[in-house]
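Opening the notebook on this one.

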Amino acid sequence: MAVLPDKMDKISIKADAKTFMTFTNVVLPAARSTICKVFGDEPVDGSRFLSVFNQLMRNSLGCESVIVNITDCVSSCVGTLRCPGLTNLELNVMVDFNTMNAIIANHPRLIKLWLTASSKGWSEKEDESRQSIAPLNTSIREVRIDDYTARNPSSLQTTVLKYLMLRLPALHRVYGLAVDSSRLQQFREMQFELLPEDILNLVLDNLFPNFMQLSGWKPLLHILAICQRLRHLYYPRIYDHVFIDADFSSESANVLSNIALIASSVYPRNLKIVLQVMPGGYELLQNAVSIIEQNSTALSKVDDLGILLMGRLFEPTNAQEIDGIEAKVTEEVEKMAQILAAVKKLDISGNGDDEIFPGLLTKHFAAQLQKFSCVSYDVLSVPTHFKQATQLHIRLFDYNDGLLRICPETIQELTIYNLPPECTWNLFTTSEAGNVVVPHLHKLRLGYVDASEEAEFNEAMFSQCKLHFPQLERLRLWGSPEYFPLLKMAVLPENMDKIVLSAYPDAYTTFKDIVLPPARTLQCDIREGPYTYKFSLRFNGLIQNSQSNEVLSIRMSAWFEDLHCPNMTNLHIDEPVDTQNMVSIIKRHSRLQSLSLNLLADSVDCSKDLEAALNGKAPIKPLNTSLKELYYNGYDPISPESQEAIQHLVLQLPALICLGGFDIDAKQFMNGYLPQYPHLANIEFQ
């Protein structure tokens, strides 16, 4: 008779099989949790019962938890059970091998399985279990098998366990099988060995970080002794990396390398050179280059070169000495470049302030590089043209326009730190105006610094200079300039994946007539500064396409009431905010899903309202909001009044599922208000 609402919290039905068979043409709504317990020993028409039961549970895929318990009254056809949302299944039924396989295959969300197994179908699998078995598409974590009957329980249980371990990739616990722990561990190791080759390749590839010294390479040799399959997969990788560690001590320059183990068998593709030096350690560089020269043939195919420089090679005292040092280093770098002519990727990092060696490396390799990364050193003392680069990650130091040239036809990912605004256009072209197309760029990150005093901009310049990025997916602009010239020059595509802007309010006021294209995620970080009406006007215009954003995330030092962001989904505020302001923000932004605060201001006393709500005299009305997450990230303690104000606010948030950092006694709060406010049961207190 009942007309039940959608999205109920819990449905629980316990009845015998005959009663369940009367539920013809009944479909349960998708509750958060559904429990069905079928009891009784009297036999029934199993096919008819399961037809009615499957119809009853048709909407179960929308449930978070579905628990089903069935007795042996329907043992003949339990393999035809179809409950798409099933998570826990208990069968007091004798289940053979084929039936268990069918149940698992038909219920990919199943987490716990409890059954009584028969010996039928298992004995012939004993020999097959030695072969490679493909895992099933299942989430099962726990299996319990009771009342196991077989002529030879020990052998048969071992076969069953082996099948479970190999076919259920998420399995963590097995109950009811009397097999010792050593066998269990053995089968877990077999499970790893039987991983698909593409998964094993990912695991092995991640054993090598960007920079690793020789001391970290040697222990990896033990993997070669595990088994033939891992040796076959891993041998090319481990012998594809050459390490040269040069360590300058007070007595001598020590250089260690694994090149002698590798050069005789393969042509390695990766070379990592670590120079841990003190001033005057030029001998280290000479020794490292000497090793490269001695193994020039073996290293001729190296295409990935990494340099880690710890300290300075030299400590020059005058200009003449600098010239002499540069000549010496140039000689060594030229030797390296001649041998390592196949290098396509160069990564320079370190913690020193030596600019001669990194700069010369960049100069000699730039034209041939496809990937380049250096954020620790000033490597652009001379004009440098990356003619083939697809990926650049670089930091500029006291940059002069014209030193860096990027080929617009090849670049795919570009990250530049400390870019003067006036140098944006000349990154891609030497012409004074026109249209430049960068056809393959999909990630662009520019960190700006203040424009130089000599820089001159005018609107006519921006109208004559256009940069087209037809494939751009992600754009991030940050820094402290008066404005971002790229936004005035760029022709951006629609439906980008993510746009991130981080600037002071004054920069946003310069965005006249600029409208960001629709993107899946738009993130705006608004730093400290005066929030004026002009700022809000420009910002509101900038994001007028935000109705197309799945995520509109804004971070502000303080909330500014004139800001109008009806499509905002995420908001972070650094300055103090009280609960009255929070309610105002929530009411004005119905799409808001996450609100986080660094500081919480003193709030009004809500103790009387909470007491009235607890006694049921004056229920607190919910707000029309989608807010799911509310966080406090500050370190200052929250006053008792503010704690009560937050509790009062939580009672008004029907969609809230996560409350973090407010130090609320969850048990006491839930016990008091849960009966009147059932949405509290969905909240995770962090």
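Started with Asp-303, which comes out partly exposed at a relative accessible area of 21%. My cut-offs: buried is under 20% relative accessible area, exposed is over 50%, and partly exposed is in between, with a 1.4 Å probe and protein chains only. This is a predicted model, so local features need pLDDT of at least 70 and side-chain atom pairs count only at pLDDT 80 or more, while totals for chains, interfaces and linings use all residues. Residues are numbered from 1 along each chain as its sequence is written, and side-chain values use heavy atoms, with hydrogens and water left out.

Which side chain does Asp-303 meet in a salt bridge? I get Arg-269, at 2.6 Å from N to O. The pair links distant parts of the chain, 34 residues apart: Asp-303 is in the loop between α10 (282-294) and β11 (304-310), and Arg-269 is in the loop between α9 (259-262) and β10 (270-276). Arg-269 also counts as partly exposed, at 40% relative accessibility. For the record, a salt bridge here is a side-chain nitrogen of Lys or Arg within 4 Å of a carboxyl oxygen of Asp or Glu. Helices (H or I, at least four residues) and strands (E, at least two) are DSSP runs, numbered from the N terminus.

How many salt bridges turn up in a search of the whole structure? Eight. I looked at a couple more of them.

Lys-345 and Asp-304 meet through their side chains at 4.0 Å, N to O. Lys-345 lies in strand β12 (residues 345-350) and Asp-304 in strand β11, so this pair ties together parts 41 residues apart in sequence. Lys-345 is partly exposed at 30% relative accessibility, whereas Asp-304 is buried at 12%.

Next, Lys-335 and Glu-332, a salt bridge at 3.7 Å, N to O. Both sit in helix α11 (residues 319-339), three residues apart, about one turn of the helix. Buried or partly exposed, for Glu-332? Buried, at 4% relative accessibility; Lys-335 is partly exposed at 26%. I also noted that salt bridges with shared partners join Lys-272, Asp-304 and Lys-345 into one network.

Away from the charges, I found a nonpolar surface patch formed by Ile-199, Leu-202 and Val-203, with about 240 Å² of accessible area together. Patches take residues with over 30% relative accessible area and no salt bridge, joining like charges within 9 Å and nonpolar side chains (Val, Leu, Ile, Met, Phe, Trp, Tyr) within 5 Å. Leu-202 is in helix α6 (residues 197-205).

Then a sheet. Three strands form an open one in the order β18-β20-β22, with parallel pairing. β18 (434-437) and β22 (490-491) are at the edges with a single partner strand each, so one side of each has no neighbour in the sheet. β18 and β20 (residues 465-468) run parallel and are joined by four bridges; strands pair if DSSP finds at least two bridges between them. Asn-435 stands opposite Lys-466 in β20.

Last, the totals. The chain has 20 helices and 30 strands. Of its 686 residues, 48% are buried. It exposes about 33,300 Å², with carbon and sulfur atoms supplying 48% of that; areas are Shrake-Rupley with a 1.4 Å probe, and for residues only the protein chains shown count as cover.
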